[in-house]
Amino acid sequence: MSELNTIPVVAEETERPSGGSGNLLARVFDELTAFARSRSMFMLHYCTGCGAIELPPAMTSRFDMERLGIQPMVTPRQADILLVTGYVSTKTMKRIILTYEQMNSPKYVIGICSCTVNGGMYWQSYATAKKLNDYLPVDMYIAGCMPRPEAVIHGLRELMANVKSGKANSWKDYYQRYDHYLANQQRAFGENWQTPTDVIAEARHYGLFGPETLGEHTALLEKHQVPLQPLEMRLGLNEEKAR
Amino acid sequence: MKLTRPTQDQVTTGLEYLLQQISGMKTRWDGPRRLRVDLASESLPALLELLKGRAGYVHLSAISCVDWPDQNEFELVYHLWSYEMNVLIMAHIRIAREPGVYVSVYDLYHPAAFFERDIHEMFGVFFEGSPDMGKFILTEWDGPPPMRKEFDGEAWVMEHFNWQDYQPDWLTDIEAQGGGITTRPEELRHRNKTK
């Protein structure tokens, strides 16, 4: 799912395998859930680059994304879509990964603009991460420099169609091939890279443990891992402690 | 007593009189309100002190750095502004590229800490007496200072990042007809290198 040529660009309506689960009621319920899910997308737009400028017209009354059921959301924990709109510096990439791991499954990543595909016009920069799908599982790329709001809405509609037909499940790929993603993250941020989210435990919990979840890079992670400390809560300013 | 603004002549002559106190210095007026000053690196703190104390140069707008690899020098430019004189003074000094150490002017201008930290990160110039020479913007960076001339950003990218091969079908169709991308990135790179 992570290679460029396997990321769907055009949604295809496929025939559902009939009688897959056997229970007709369960299938109807699943389809109803998928339909409802595809019609209420909450979008967290991580506006990293120039592409962010196309989002206000797409969201507000001119193009009105909300009539499709797509709304902006303020926190990652309540969002379904992570929209990365433009070039991503290595420093920003860290924050994007932290944001992505905070989101609840099922979650979808959309890369807008050419820069998320391969670095775009900033490909020569030492500071930008080139391929977004090296670090995160990307569901949809909307190429363009920058894509117009029509293209953004078209891409989101395709994502909705993929969600409805159950094809947009690259979030599972993050759990199933965590070692691959972690390898690229460690390459960019160093061996001591660690996020507050225990992805491996989550993979076990969701039943998405794959053969490539663990590997040499997760072993490296476990070697360096520092247990998380609860944040110290303090009232007022204690200058000695602050220093 | 009514206070009046000094005229342009008064400012010019006043500044030039003031700057005579520092020896071995070249001044050049780039415009009516822009004065370029070239001086030895030892005299810069004295110049700043003089300008701050006697001409109201309280505003250090920026410190910029230029790399001159052929002369093996760094050029530091201190941009100063006075709200009384309304003249921008650009003080140029040259320091040796190796070891690339200069003295901080943090004691005179506190905003210098910000500029010096930035120059330290981008060019590797160390400022003695600056309050913090730690990592600033490039917190994930462990390579050489990236704005030095000898740093090859493209080679770094090739070495440190995965590359996306982009060979779409429509391009192969066009190439079959004799068209396509006229200058590939690697050719462009070669051309820039040989220039």
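Predicted model: local features only at pLDDT ≥ 70, side-chain atom pairs only at ≥ 80, totals over all residues.
## How confident is the predictor?

For the complex as a whole, the predictor reports an ipTM of 0.74 alongside a pTM of 0.80. Chain B has a mean pLDDT of 87, with 91% of its residues at 70 or more.

## The sheet in chain A

Let's start with chain A, which has an open sheet of five strands in the order 2-1-3-5-7, paired in parallel. Strand 2 (70-72) and strand 7 sit at the edges, each pairing on one side only. Go from strand to neighbouring strand and the average turn is 30 degrees, direction ignored.

At one end of that order, strand 1 (residues 41-46) of chain A runs parallel to strand 2 of chain A, and three bridges join them. Look for A:Met43 here: its opposite number in strand 2 of chain A is A:Pro72.

## Helices against that sheet

Helix 3 (residues 90-102) of chain A lies across strand 1, strand 3 (81-85) and strand 5 of chain A. Its direction is at about 165 degrees to strand 3 of chain A.

Helix 5 of chain A also packs on the sheet, where it touches strand 1, strand 2, strand 5 and strand 7 of chain A. The angle between helix 5 and strand 7 of chain A is about 165 degrees.

Chain B splits into domain 1 (8-151) and domain 2 (159-195). Between the C-alpha centres of these two domains of chain B there are 43 Å.

Together, strand 1 and strand 2 of chain B make a hairpin, with two residues between them. One of the bridge pairs is B:Lys26 with B:Asp38 of strand 2. Strand 1 of chain B has six residues and the number buried is zero, so this strand lies largely in the open.

## Where the chains meet

The contact between the chains draws on 14 residues of chain A and 13 of chain B. On the chain B side, seven of those residues are nonpolar, four are polar and two are charged.

In chain A, the bond joining A:Cys145 and A:Met146 is cis, with omega about -5 degrees. In chain B, the cis bond runs from B:Glu98 to B:Pro99, and omega is near 5 degrees. B:Pro99 sits in the loop between strand 5 (88-96) and strand 6 (101-103) of chain B.

There are also non-glycine residues with positive phi. A:Cys113 has a phi of about 85 degrees and is found in the loop between strand 5 (108-112) and helix 4 (114-118) of chain A. With 25 other C-beta atoms within 10 Å, A:Cys113 is buried. B:Asn86 has a phi of about 55 degrees, and its place is the loop between strand 4 (73-81) and strand 5 of chain B. B:Asn86 has 14 C-beta neighbours inside 10 Å, so it counts as partly exposed.

Methods:
Residues numbered from 1 in each chain as written. Chains lettered and ligands numbered in written order. Domains from an automatic or database assignment. Helix = DSSP H or I, 4+ residues; strand = E, 2+ residues; numbered from the N terminus. Buried ≥ 20, exposed ≤ 12 C-beta atoms within 10 Å, placed from the backbone. Pairing = 2+ DSSP bridges. Contact = placed C-beta atoms within 7 Å. Nonpolar A, V, L, I, M, F, W, Y, C, P; charged D, E, K, R; others polar. pLDDT = per-residue confidence, 0-100. Axes fitted to C-alpha atoms, helices over the stretch in contact; angles between N-to-C directions.
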